[in-house]
Amino acid sequence: RRLTRSRGAILAQVYLVAVRQSPTRLVMTSGNPFAGNPHADVLGHTPTETDEIARLLAEVKARGKGAFGQKDMPNAEKLYNKAIELAAALKAPEAALFSNRSAARLNLRMYEGALEDGKEAAKVDPNFVKAYYRQGEALRRMERFDDAVKVYTVGLEKEPTNKAFIDAIAATVKEQEEDRKAKEEARKPAEVDMSWLKKSVEKQDAVREARNQDGGEENLEFKGYKKLADGRTTSYFHTEISEEAKKLIGDRKPVKLDTPVQETAGAGGSSTWNQAGTYEEKGMKVWVTDKLVELLNYIDTLTPPGCPFAVTLKAPDVKGEASIATSRGKRRRVFDLSVTIGFAVTFPEGEAVGNLVIPELVSDEGDTFEIKVEVDPITPNEARGPIREYIESRNVGLQPWIQSRLQQFVKEYSEQ
C-alpha cells in the first residue's frame, strides 16, 4: 500500500470529486468490530511487517495515554488492549502497558481484570513497583483488605521510601476498621421509634372527647373541615361570603369572547406573544448544521478530467451553539461552532486520510477562519508532499474553496 517515489511525483495534480458519504479508510475493513469508534483506524488495523507494528504500537500508546488523560476510560482500556497485543507480536511485552490497562480497569470497576493485569506486570518485570500498587488497589476495592496490605508491603520492601505505599497501607487499615464497625452495627437489632403511635392514640382520644361534648356528633374541625350556613361541608380555611359582599362583587362567572384574536408580529420581528419586543432567543443549531452540510457537500473540479487521483470529503461534524436573540427591536445573530471535515486522497494503491478542523467558526471572527489539517499518522511519507500542497495550502486547492463556502454560510445566516 505504500506509494513509490515515482508514483508520488504524479500527485502534483489532484482531482477533487464530490462524494457526500464518508470514504472507506485504508486501514478499515467491512467487518471491523470497532466501526464508529474514534480510534477504529488503529484498533481495526492488524499489520504484519515488524517496522509497521512498531510504528502502530507507538501511535496506540500515545492515544491510550491521551484517552486516559481525558477520562475516556472505555477507549483507554481498548487502546491498551491493542498495545499489549502489538507488543506481544514483537515478542517484547511491557510491564507499563499492563499497569496502564489495570489503572483504566480500576476506573471502570473491572477489579478482577485490574488485579490480573497487575500480576502480569509483575511477571514481566518483578521490580516494576507500580505492578504491586495496582494489585493492592484492586484488592482494596474488592474489600480483600488483608491481601491488599500484603501486596502493598511487597512494593514497599522494593522501594522503602515510596510514600504511595505507606499512605495506601494506612488507608487500607483504616477502611478495614470502618468496615468492621459498620458490619457490627448492622448486626445490632434495630431500635423502633414508637412515639408516633403514642401521638396517634392521644389524637384519637381528643376526637372522641370532643364528640362527646357535642352530643355525639363528629367535630369536623379536627379533620380540617367545617359546615356552612346552608349545611354544606367545606375546607376549614374556606371563607364564606355574605350576601352583602356578593352584591358588591357582582357576577364573577367567566364569559366567552366571540371576537376572533388578531395575531400580529411583535416589535423588531419578535414572535406574536412578544408584543413589547423585549428579549427573545431562538435556537439555530439545527439550521446551521443542515446549512453547513449542504454547503460543504459539493466540491469544484480543480484539475483536468482523467486525473487518476481524487479527494473526497465526509459530511461535516458540527459542534457548538447558534442562536438569534431579539431585544428591543434589535436582532443579534450569534454562533460559536467547531467543524470537523474528514478527507481522503484516493489513488490506485490506496488512500491517504485525515481531517480538516475549523476550531473556531465564530460570528465575530471576520471573513477568514483558521483551518487546521490533521493527517493520519500511518499515511505513507510519499503522499505527504502532495497533501501539504493541495490540502494544507491556504492559497490553492481545498482550503480556498472551503473558505468561500464558509463566507456563504455567514452571509445566509445574517439574513435569517
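Q: Why are Lys-163 and Asp-167 said to be separated by about one helical turn?
A: The model is a predicted one. Lys-163 and Asp-167 both belong to helix 9 (residues 163–187) and are four residues apart there, which means a separation of about one helical turn.

Q: What makes the pairing of Lys-163 with Asp-167 a salt bridge?
A: The closest N and O atoms of Lys-163 and Asp-167 are 2.7 Å apart. A salt bridge requires a side-chain nitrogen of Lys or Arg within 4 Å of a carboxyl oxygen of Asp or Glu, so the pair qualifies.

Q: Why is Lys-163 called exposed, and why is Asp-167 called partly exposed?
A: Exposed means over 50% relative accessible area, and Lys-163 has 54%, so the term applies. Asp-167 has 39%, which falls between the 20% and 50% limits, and is therefore partly exposed.

Q: Why is Glu-137 classed as buried, and how is Arg-141 classed?
A: Buried means under 20% relative accessible area, and Glu-137 has 9%, so Glu-137 is buried. Arg-141, at 39%, counts as partly exposed. The two residues form a salt bridge with the closest N and O atoms 2.9 Å apart, and they are four residues apart in helix 7 (residues 130–141).

Q: What makes Ser-99 a buried residue?
A: Its relative accessibility is 1%, and the limit for buried is under 20%, so Ser-99 is buried. Ser-99 lies in helix 5 (residues 95–107). Beyond neighbours within four places in sequence, Ser-99 is in contact with Ala-121, Phe-128, Lys-130 and Arg-134.

Q: How is the packing of helix 12 and helix 14 described?
A: Two packed helices are described by the angle between their axes and the distance between the axes. For helix 12 (residues 285–295) and helix 14 (residues 398–414), the angle is about 145° and the axes are 10 Å apart. The contact has eight nonpolar, one polar and three charged residues.

Key. Residues numbered from 1 in each chain as written. Predicted model: local features only at pLDDT ≥ 70, side-chain atom pairs only at ≥ 80, totals over all residues. Heavy atoms only, no water. Axes fitted to C-alpha atoms, helices over the stretch in contact; angles between N-to-C directions. Helix = DSSP H or I, 4+ residues; strand = E, 2+ residues; numbered from the N terminus. Nonpolar A, V, L, I, M, F, W, Y, C, P; charged D, E, K, R; others polar. Buried < 20%, exposed > 50% of the residue type's maximum accessible area, 1.4 Å probe, protein only. Contact = heavy atoms within 4.5 Å.
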